[in-house]
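Good morning, and thank you for coming.

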Amino acid sequence: MERTLARPDAWTWAFLGLGLLLLPVGFYLALAAPPDVNQGYLVRIMYLHVPAAWLGYLAFFVTFLYSLLYVFRPDPRYDRVAASSAEIGLVFLGLALVTGMLWARPTWGVYWTWEPRLTTTAILFAVYVGYFLLRSAIEDPDLRAKASTAVGILGFVNVPISYMSVKWWRSLHQTQSIDLTTGRVQMDPEMLQALLFNLLVFTLLYLGFVRFRALLAAWEAQKEEA
Amino acid sequence: MLRFEDVWKRFGRDWVLKGVGLEVERGEVVALLGPNGSGKTTLLRLAAGLLRPTRGRVERRGEALLLPNPPAFHRHLTAREHLAYDLALFQGSGGMEEAVGLLEAFGLPPDKPLLAFSSGMRKRLALLRLLLLRPGVWLLDEPETALDQEGRRLLLELLEEGRRRAAVVLATHDLDFARKVADRTLLLGQG
Amino acid sequence: MLRFEDVWKRFGRDWVLKGVGLEVERGEVVALLGPNGSGKTTLLRLAAGLLRPTRGRVERRGEALLLPNPPAFHRHLTAREHLAYDLALFQGSGGMEEAVGLLEAFGLPPDKPLLAFSSGMRKRLALLRLLLLRPGVWLLDEPETALDQEGRRLLLELLEEGRRRAAVVLATHDLDFARKVADRTLLLGQG
Amino acid sequence: MRRVLVLALRDLRLEVRGRAGLLSVFSFFLVMLFILALGLGPEEVLLREAAAGALWVGMAFAGSLLASRAFGLEVEDGTLDDLLLAPGSREWIYFGKLLFQMLLLLLLGLLGLLVAAGLFYMPLERFFPLLFTLFLGSLGYASVATFYAGLLARLRGRDVLLPLLLFSLVVPVVLASVRATEGLLVGLPLDEVLPWWQLLGVFDVVYVTVSALLFPWVMEG
Amino acid sequence: MRRVLVLALRDLRLEVRGRAGLLSVFSFFLVMLFILALGLGPEEVLLREAAAGALWVGMAFAGSLLASRAFGLEVEDGTLDDLLLAPGSREWIYFGKLLFQMLLLLLLGLLGLLVAAGLFYMPLERFFPLLFTLFLGSLGYASVATFYAGLLARLRGRDVLLPLLLFSLVVPVVLASVRATEGLLVGLPLDEVLPWWQLLGVFDVVYVTVSALLFPWVMEG
Ligand code: HEM
Ligand SMILES: Nc1ncnc2c1ncn2[C@@H]1O[C@H](COP(=O)(O)OP(=O)(O)OP(=O)(O)O)[C@@H](O)[C@H]1O
Ligand SMILES: Nc1ncnc2c1ncn2[C@@H]1O[C@H](COP(=O)(O)OP(=O)(O)OP(=O)(O)O)[C@@H](O)[C@H]1O
Ligand SMILES: [Mg+2]
Ligand SMILES: [Mg+2]
C-alpha cells in the first residue's frame, strides 16, 4: 500500500528557521560581551562550549524520557525520538568536547588531560557511541528498540556524574557558575545575558533538528516496511 | 489453552505467516504440516512466546514447553542432574524418584554426561521432560525424527498421555505419523 | 573405496563398536540401521577420519564428505557465498554457474544469510554440496529427516546420482527409506 | 527465592565442570597483575601507589570476561530459550545470574587482594573495610554486566559489544572503588572513605533496581 | 597456495559480518589503553615511560581474545569437521588461520600506535622501525596463538586454557618486543635495538616452523 510521506510540520520549520536566524545574533552578542578578567577574549569560546554541553545533557535526558515511555508503551515513534535525540546529543556533546579541547590548549597548555570532568565527559560520549553501535548491530526493529532503550535508561546515570564531577573530585576544570543544583549564579550580568541567549538559540536548533531527524527515521521505517 | 488470532509474522521484508488463526484446547493434538520454510517452527516459537507476532495476538493459558529440533541441553550435566535442576527451576510437581523411573523407562543412562548422548538419546530425554514437568501446552518440532522403533513407540504413548493432560501442537513432515496421532491438521505455506 | 577391518571403538569404558567389518565400492549404497545409541554416527565419523578407531583399521580412497545431522554452516554467509568458498577450499571442479543452477533446482534463495534458513532448507543445501563438490565417498547421517515431500524426491534423485559416482553410506531410522535406496544394510547394536 | 540460589549454584557447577570460564578468567587476572607489577616495578613506592588502580583495572577486565560467561553456556548449549520458558516473571533469572557473577567476582577480588599484597606491597591491615569496598564495587559492576550479558545473549555472537557497553557504564563505579581502596591503603580515617562508599552504594541501588526491572522486559519476545 | 589466502579472507569477512569478534577485540583494546592511561596518568613522564609496556600488554590481551576467534566461528557453527575434511594435508589450514590472525594483529597494533601516541605522549618519529618491531612481535605471537587455538578447538571449554598456555610461551616474545619498542622510543641507535630484533626473528622462525609441522598431527583423529 502506498502511503504518502509525512512532511515536516510548521513547528519544525519554525524552530529550525528561528534558530538559524538567531544564530548570528548569538555570535554577535558573544563577540560583544566583555572580556574576562583572567582570560581576556579567550572566554568567548564559552558561548559555544557551555550551551553545547548543556544541550548535550538535555538531549540525553530526552532520550532517557522517551526510553522510559517506550518501556511502558512500545510505540516505535518513541524509539525514533529517543534515537534522534541521542544522535543530536552526540553532535552537541562532541562540539563541547572539541571546543573544550581548543580552550584547554591555551589555558592549560594541553589539549587533553586525565581530569575528572574531561574523563567523565569522554565516558558519557562513549556511552552514546555504544548506543549507536548496538543499534547498528541489530536488524530486528523490536529488538533493536528494546536493547537501545535499556542503554538509554542505564546510560543516563552518567549525565549527573559528568555534571557533578567538578564538585565531587577536586578538579582543574571550571566549577559551575550557574549551579543547577542550588540555583546560585556567579557571573557578570552581561556575560550571563549573552550566554543565556546562545542557550536559547541552541535549544531552538536542537528542537528543530530532533523533530527533523525523527521524521527522517520515520521515512526510513516506512521504506523498510514497503 | 492456546489461541492465535489473525497472526502475521515477518522477518525483514518477507512475510512468513499471513493471518493464521488457531485454537487448541486441552485434549487436542494439532499437527502442523507444510513444505520446508513454510513457517512451522516460527509458529511454534510464537506460541511459546519466544517471538512476538508482527500483527495479531497470541494467547496462552498455562505453561508451555517447547521441544526444539534438535533438543538443547547443558552438555556437562548428567541426565539425572539435568532433571533435578529442571524440577527446581520449573517448579515441577514431580519428584526425583519419578524422574529416575522415567529415565529407566526411556532406556537412558542416568549418570552419563549429556555430551555423550547420541541424537536419539537426546530426543528421548527431551520427550521425558514433558512427562516430568507437566506443562499445559506442548509444542513439539519434528518430534518423530532421530527415534528408533522403540523410541517411536514411546512417543506414541507419550502423545496419548499428552492428549489427556495438555494442548499439543506438533510440526512434522511425516504424513503417516500426523494421520496417526493428530486430531486436526493445519497446513501452512499455501498463501 | 571404503574399508573397515575389524574396527573396535570405545568411549571411556563403553565399547560402541565391536569388530565391525565393512567394504563399500563405488556404485554401492549401504544403509546403517540400529537402535538409538548403537554407533551409527560413530561409524560415519570413523569413516570420515574424524575419529580414530581404538582397534582395527579404516581405509579410504578418495575424498569423503560427511553430512552431519543437523548440517553445519557458517551462518553469516549466504548460500551463494558458502558454495563459492566451498569450491575454492575443497578445490572442487564445478563452477559457480553450476552452483547457482543447483540452488535454483533445490529451491533455495541464493542471497539470504544461512542463519535465516529453516531446518529443511539447511538440509537441502547440505545435499546440494554433494553434487557440487563430487566427493568419492558420501557419508550421510539421517539424510531423510527435516525434508518435505519435494525434498525427499530430490534426495532420491541425488542418491541415484551418488550410486553412479561414489560409495555411499547412510544412517537412518526409516526402514522404508532404507529398503528403497540401499543395496545392502548393516545392522548395528546387536552385540 | 529458592530458584535464584539453585540457578546460581547450577551455573557455578557448570563452569567448574567445563573448567573453561573459570580457569581462563582467573589466569587472565593473575597474569595481568603480574605483568602490571613487572612493568611498574621494581620501586616499592611506585608499586604501592599503583596497587589500588592495578587491582581494579584487573578486576574490570577479568570481570568483562566473566560477564560473557553469565549467559555464555546457555547460548553455547542453546538452552536460553528453555530457561526463558520457566514459569513466573523473569526477575529471578536476573538475580540468579547476578548472584553467580557476584560469587565469582568476590572470589576473584579476594584472590586479587592476596596477590596484590605480595606483588604490590599492598598492606592488608584494614582487611574488612577493603572487603566491604570489594563487595560494593563488585555489586555495581556485576549488576550492569549481568544485565548487558543477558541483553546481548539474544543477539548470538554479539557479546562483542559487551566490553564497550559495559565499560562506559562501570567506569564511574571502578573509579569510585579505586578511590575508596586508595583511601583505605594510605590510612585515611574511615569517615573520609565514607563518601566513596556512599557513592558506590547509590550506584549499586540504582543499577540493581533498574536492571532487575528492565530485565524481564528486554528478554521477552 | 591460493587456499591459504581464500581461507584468511573468508574468515575476515565472517568476522566483519558477525560484527562480533572484531568490534569486541578492538573496543577491548582501546578501552584497555584508555584505562591504563587513566590509571597511570596524568603525569606525562610516567605515561611516556609506560607507553611501550602498555601497548604490548594491550596487544597481548587483545591478541588472546583474537586467538579464540581463529577457530571460534568454526566451533560455534560446527563447521570445523567440515574444514578438516577438505582435501590435502592440513598445513594450509594453519597458514590460512595464521594469515587471518596476522592481518588483524597488525591492524590492532597500528591502531594501538596511533592511540598510544595520543594517550601516552608516545613519539612516532621512527615509525617504520616501530612497524617492523610490531610485525616481528605479532608474528611470534600469532604463530603460537593460532596453533593453540586449533589444538583447543577440538577440546571443549577451549578459551579457558588458551590464555594460560599462550602466555607462558609468548612472554619472551612480548618482553623482547617491549624492549625493542622502548629502545626505539627513547632514541637508541638502531644497532642497539638489533639484538632484540634478532631474538624476535629467531622466535618467529622456530614457532612458525614447529607449529606448522605439528598442526596437521594434532588436528587428526
Ligand atoms: C576537553 C576539554 C573540556 C571538556 C570535555 C569540557 C566539558 C564541559 C562540560 C560537559 C560542561 C557542562 C557542565 C557544566 O555546566 O558544569 C562544561 C562547562 C564549562 N566549561 Fe568545560 N570542558 C573542557 C574544557 C574547558 C576549559 C579548558 C575551560 C576553561 C578554562 C572550560 C570552562 C568551562 C566553563 C566556564 C563551563 C561552564 C560552567 C558553568 O558556568 O556552569 N572547559 N565543560
Ligand atoms: N563423545 C562421546 N563420548 C562418550 N560417549 C559417546 C560419545 N559419542 C557417542 N558416545 C556414545 O556412543 C554410543 C553411540 O553413539 P552414536 O551417536 O554413534 O549412536 P547412533 O547410532 O548414531 O544413535 P542415534 O540413532 O541415536 O543417532 C552412545 O551410547 C553414546 O552415548
Ligand atoms: N531468524 C530469521 N530471520 C530471517 N528469516 C527467518 C528467520 N527464521 C526463519 N526465517 C524464515 O522464515 C521462513 C519459515 O521458517 P521456519 O523455520 O518457520 O520454516 P519451517 O516450516 O519450520 O521449515 P522446515 O520444514 O524446513 O523446518 C523461512 O523462509 C526462513 O527463511
Ligand atoms: Mg522447522
Ligand atoms: Mg546418530
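Followed along the sequence, chain A reads α-α-α-α-α-α-α. Chain A has seven helices and zero strands, where helices (H or I, at least four residues) and strands (E, at least two) are DSSP runs numbered from the N terminus. Its radius of gyration, 19 Å, is close to the 17 Å that the globule rule gives for 226 residues, so chain A is as compact as a globular protein of that length. That radius is taken over C-alpha atoms, and the rule is 2.2 Å times the number of residues to the power 0.38.

A word on conventions. This is a predicted model, in which local features need pLDDT of at least 70 and side-chain atom pairs count only at pLDDT 80 or more, while totals for chains, interfaces and linings use all residues. Residues are numbered from 1 along each chain as its sequence is written, chains are lettered from A and ligands numbered from 1 in the order in which they are written, and side-chain values use heavy atoms, leaving out hydrogens and water.

Turning to dimensions, the C-alpha trace of chain A spans about 65 × 35 × 30 Å along its principal axes. Among its contacts (heavy atoms within 4.5 Å) between residues at least 6 apart in sequence, 75% join residues at least 24 apart.

Finally, confidence. The model scores ipTM 0.84 and pTM 0.86. For chain D, the mean pLDDT (the predictor's confidence in each residue, from 0 to 100) is 85, and 93% of its residues reach 70 or more.
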